[in-house]
Amino acid sequence: MTTYHGILHRYRGLLDLPDHTQTVSLLEGNTPLIPVPRLAQEMGGRFELYVKFEGLNPTGSFKDRGMTAAISEAAGRGVHTVICASTGNTAASAAAYAARAGMRAVVLIPQGKVAAGKLAGAAAYGAQIIQVQGSFDDALSMVVAISQKLPIALVNSLNPFRLEGQKTAAFEISDTLGNSPDWLCLPVGNAGNITAYWMGFRQYHHLKSAGLPRILGAQAAGAAPLVLGHPVEHPETVATAIRIGRPARGEQALEAIEQSQGRILAVSDEDILAMQRRLAGEGIWVEPASAAGLAGLEVEIRAGRLDPSGLRIVAVCTGHGLKDPEIITQRMRAPQVLPSDVKALEAALAQ
Ligand SMILES: *Cc1c(COP(=O)(O)O)cnc(C)c1O
């Protein structure tokens, strides 16, 4: 029997982590690459489409890949406190891995703009939660400043070890498919993940002569600084995980797009929510931001700007739908109420 020990164990030789690193793991990674042939057909093509379901990581998002690396490095040099700014998922992940390591976690979130499941996660894992009267970008400036002043480790994706961990998702996709896909579609917020994927695919290209995918990055229309070419002062979107107006790794994201001959585009909240519903129709419930990559692919195919015929395409679904239940419950019809009576049930089923 082979036992799975998490991404640091599986890919240790391929990760640029210092020797002092002491593994802190919740057995993250190894997420499924789910074929969705019916969705591909509906999207109008004969092509292979897969969802890399990163919502199945220990705290429900891909952030766990980066966090196991960042916290392991910090643990190895005796760090007691970690800090991050977060739209929610980084907070929950930092809180969980800090708890696992016996560290204190402090998380800064923009006031009132964090999905319920993420806030609850950070609280459940015992983080000190601070709401900032400002945006994610304001919170990020604050944690960067404080981590330069006090002996506190910053675990946002500005921390290079976060990217080392996150690039393992590219390794997993290539290992599963036996090569890289033709296109990789994903949502872009602070732009750490797109940067990490591109690092991972390039590394496999050099190491194993794997091909290089083209990268399709999708931002929400109300928070699309990389599409517009300038920061967005007041980003707004239902996809709270990518509600970011000043991406910390924006330049690297644009390099990844350019070098891969990919593209970056903006998708409307409507298209994002429609794709969230279609994915749920395949049994895959993701949070809104996670549907953006696939929504972007759909927009491009529909507009005739991308012909998927014969291609193999992977869409990264970054976080689980349970993170943001309210986006569903606020919009759903109230469930039917019946007396506890089989006849009433029969009548209801006949409708
Ligand atoms: C963090 C996050 C993103 C955006 O990733 P970046 O690295 O900030 O671009 C997208 N989706 C979800 C669910 C996230 O948690």
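1. Salt bridges between the domains. In this predicted model, four salt bridges are found across the interface of domain 1 and domain 2. The side chains of Glu-236 and Lys-113 also meet in a salt bridge, with 3.8 Å from N to O. The cut-off for such a pair is 4 Å, so the Glu-236 and Lys-113 pair falls within it.

2. Polar contacts and the elements involved. On the side of domain 1 that touches domain 2, the elements giving two or more residues are helix H1 (7-11), helix H7 (160-166) and helix H8 (168-177). H7 supplies the largest share of that side, four residues. By type, the residues of that side divide into 15 nonpolar, 18 polar and 13 charged.

3. Domain layout. Domain 1 is made of two segments, 7-60 and 162-329, and domain 2 covers 63-159. The contact between them draws 46 residues from domain 1 and 37 residues from domain 2. The C-alpha centres of the two domains are 22 Å apart.

4. Area of the interface. The size of an interface is often given as the accessible area lost when the parts come together. Here about 3,300 Å² is buried between domain 1 and domain 2, and carbon and sulfur atoms give 53% of it. Within domain 1, the residues that lose the most area to domain 2 are Val-24, Arg-162 and Lys-323, which together account for 26% of what that side buries.

5. Two residues with positive phi. Most residues other than glycine have a negative phi. Ala-191 has a positive value, near 75°, and sits in the loop between strand E7 (183-187) and helix H9 (192-208). Gln-261 also has a positive phi, near 55°, and sits in the loop between helix H11 (250-259) and strand E9 (263-267). Their surroundings are worth checking separately. Ala-191 counts as buried because its relative accessibility is 4%, under the 20% cut-off. Gln-261 is exposed, with a relative accessible area of 58%.

6. Helix H13. How many residues of helix H13 (residues 292-302) are buried? Ten of the eleven are, so the helix is largely enclosed by the rest of the structure. The buried residues include Ala-292, Gly-293, Leu-294, Val-299 and Ile-301, as well as the charged residues Glu-298 and Glu-300. Just after H13, Gly-304 takes a positive phi of about 75°.

7. Glu-298. This residue lies in helix H13. Glu-298 has a relative accessible area of 13% and is therefore buried, the cut-off being 20%. Leaving aside residues up to four places away in sequence, Glu-298 touches Met-43, Met-275 and Arg-278.

8. Pro-231. Where does Pro-231 lie? Its place is in the loop between helix H10 (225-228) and H11. Pro-231 is partly exposed, with a relative accessible area of 45%. Not counting residues up to four places away in sequence, Pro-231 touches Pro-225, Gly-245 and Arg-246. Pro-231 and Arg-312 are 81 residues apart in sequence, and their C-alpha atoms are 33 Å apart in space.

Methods:
Residues numbered from 1 in each chain as written. Predicted model: local features only at pLDDT ≥ 70, side-chain atom pairs only at ≥ 80, totals over all residues. Heavy atoms only, no water. Domains from an automatic or database assignment. Contact = heavy atoms within 4.5 Å. Buried area = accessible area lost by both parts, 1.4 Å probe. Buried < 20%, exposed > 50% of the residue type's maximum accessible area, 1.4 Å probe, protein only.
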